[in-house]
Amino acid sequence: MKTPLHKLNWLNAFKEAAIAGAVTFTLFSVLLGINIYQNSNNDTMIRLRPALLVGFSLFAAALRFCIILKQSLQLQVPAHKKIGWFEKVEPHLQPILVGLMAFFPIIMLGLLGGQASTKWIDNYGIVIMIYIMLGWGLNIVVGLAGLLDLGYVAFYAIGSYTYALLAQHYGFSFWMALPVAGVMAALWGIMLGFPVLRLRGDYLAVVTMAFGEIIRAVAVNWRELTGGGAGINVPKITFFGLPFNANEDGFAAYFGLEFMPIHRSIFLYYVIFTLAIITAIITIKLKKLPIGRAWEALREDEIACRSLGINTRNTKLTAFAIGAMFGGLAGAFFGARQGFLTPESFSFEESVLILATVVFGGMGSLTGVVLASIALFGGMEILREFSFVEQLIGIDPNRLRMLIVGLGMVLMMLWKPRGLISTRTPTVFLKQKKSISGNLVKEGHG
Amino acid sequence: MQNWQSDPVLCVEHLTMRFGGLTAVKSLSFDVGRGDITALIGPNGAGKTTVFNCITGFYKPTEGRIGLRHGIIDFDIGKQAATQSSSYVTHSAGGAVYLLERMPDHLIAKQAKVARTFQNIRLFAGMTLIENLMVAQHNALMLASNFTFGGLLGFKTYTTAERAAKEKAAFWLEKIDLLDRADMPAGDLPYGAQRRLEIARAMCTDPVLLCLDEPAAGLNPRESADLNTLLRSIRSDHGTSILLIEHDMSVVMEVSDHVVVLDYGIKISDGTPDFVKSDPKVIAAYLGVDDDELEGAESEVSA
Ligand SMILES: Nc1ncnc2c1ncn2[C@@H]1O[C@H](COP(=O)(O)OP(=O)(O)OP(=O)(O)O)[C@@H](O)[C@H]1O
Ligand SMILES: [Mg+2]
């Protein structure tokens, strides 16, 4: 496959593009090409959408064309020596991202004013921040220790139900319940850890996925405890005892402010921001401690770890426990924000999306998780603003949400198979710190 | 009397390892002398790696006892006492005897202090050289970091211990001539250097016994000579006994004090290099002589 640079394989690229277009056309002909709807008389009508179908197929063909060309270009460079431009930019990106996260509500407030910015802080800021924290927690298990966990949402659920139940039965406040939720989730992390210690890779993924579903099924069916599908009420977060309402004893009245819902949003944002930053700081510190190095060594080669006297059982269990703990903390926050919990919030789809941020982020990179969360959850949220496109293409883009996410994932993995930040930064160095190309770093086998 | 008879560090007795119907190692007994370089040789598939895996706990032997001695305790009495106890170790004032077949692999490395390398190198490829050597000091550092809590809070004991660990890693990198590549990923090293790094990593666990599975495989003559120097210095400067598997007879004859020969899981010869070299059974096994001829050779020896 030694195609010289000037002899790009155009013919091959055209051929591959044609095939890709034809396959897409066939696969999506029914899905996109035919629209079944009911008219005002409730008759079932069929409408053809040839433009959408052809457009989609052409798009796929063009994509394939670019990929083939890019591949023939790439053959020139020895793959594993390469550190992409994105990784070089990354160190400068970190302070910008932290600054952005720290001042996001203030920036929004300044730009849009008190009314319009509430939506941005609530739907974008807080939501993305929750997923960043979840991504960072899962990153310990998947990114560092290399244990593929598809049921992470279980710990998120355990955290929120812990808070909900403690508040309901024992009158715990959010701040009192928070540590309990973390400990509870960590204990369940260990409980899950024990049976799966011997499992690796796909098998581990399947069992953890089942664990996530079990927790959800318990939440649905144990109606006396959790309220089942009807849900359970959770006391909303207070400002250290001051509720966010328009009453005399509310936060706004106490500080002599005019009541505005945005106070609560900003407070919530900074609570989750603080929790997330604590997660990040602890992760960064752990990475440089023997336990963190053992996690990464475990991902690289478990057998070699054992030959060096590392107790791999305890090492895996601590990874599960600490990862789960952060999930539980985020869960308690989620409960306090929602004020109402149903098991539907903890579906398998959530686990997959959280895992996606870690995989997209790449290599246990904290920055990567932030970028991936912004892209994924910001992107899905922003799609709501594009409902008007329905007039143009005949279908509401929100209904194509998962399709677009899937397409994005495929593109992303083609561009950067090892995630956005595909380099690893060493945890200790003698003379100079140099990033390690992702091609050398293992993904872990379970 | 030979050193391995008078002052053994490892004593393998009637070791048998079966995989289903296949008996990879059959009633194997041999001793490894303290401070010796002992070579375990034999044709392909003889069961050498299997013996290593039994010693280091990666396989549970089907039958047999593997004793390892620290210090000056009487080996026979120690083994006896440990065997009768429910534990895997007996301590005495001067030392301890471990029964390796009763221990899980990580405790063999941590407590009995047996380190090993692998036939197909197992480095942490995505970690730097120095990180590889730091991971090897995990247990010491873990203790110094108060099982992470002290380390998280930045206690002095941990920072001091970490600095010492880095110095130790640098010492070994210097010794294997890779100090200038300390911050490179291990996966980027050429083959010979990877082999040396794996030995250095094993040495960072401060082993009493170092087991090397074909350390000279794939090395060029110069690297091979350097390896011999390294092995000799490990033995003389660090008091570590070495058990090595080797195919290259010239390496074996040059560095080893004691040679054990395996063929089809059975010990066919055991002695000094000179003794083994002239043993007709060894010659027969290596050159592939027929069984009847071998019997002839055997009677010649006993005559
Ligand atoms: N885990 C296992 N399961 C089944 N059979 C095994 C296993 N490990 C080793 N064997 C078998 O035991 C025999 C001895 O293998 P071993 O790897 O110990 O040989 P070796 O002397 O190290 O050979 P080489 O010089 O090729 O490394 C072989 O027949 C091998 O197929
Ligand atoms: Mg072998």
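A: First, a definition: two strands pair if DSSP finds at least two bridges between them, and strands (E, at least two residues) and helices (H or I, at least four) are DSSP runs numbered from the N terminus. This is a predicted model, where local features need pLDDT of at least 70, side-chain atom pairs count only at pLDDT 80 or more, and totals for chains, interfaces and linings use all residues. Residues are numbered from 1 along each chain as its sequence is written, chains are lettered from A and ligands numbered from 1 in the order written, and side-chain values use heavy atoms, without hydrogens and water.

Q: Which residue is the bridge partner of H91(B) in β6(B)?
A: That is A96(B). Four bridges join β5(B) to β6(B), residues 95–99, and the two run antiparallel.

Q: And what is the order of strands in the open sheet?
A: In chain B, five strands line up as β2-β1-β4-β6-β5, with antiparallel pairing. The edges are β2(B) (22–33) and β5(B) (89–92), each pairing on one side only.

Q: New topic: where is T56(B)?
A: T56(B) sits in the loop between α2 and β4 of chain B.

Q: Is T56(B) buried or exposed?
A: Buried, because its relative accessibility is 3% (buried is under 20% relative accessible area, exposed over 50%, partly exposed in between, with a 1.4 Å probe and protein chains only).

Q: What does T56(B) touch, leaving aside neighbours within four places in sequence?
A: T56(B) is in contact (heavy atoms within 4.5 Å) with D105(B), I108(B), V114(B) and R116(B).
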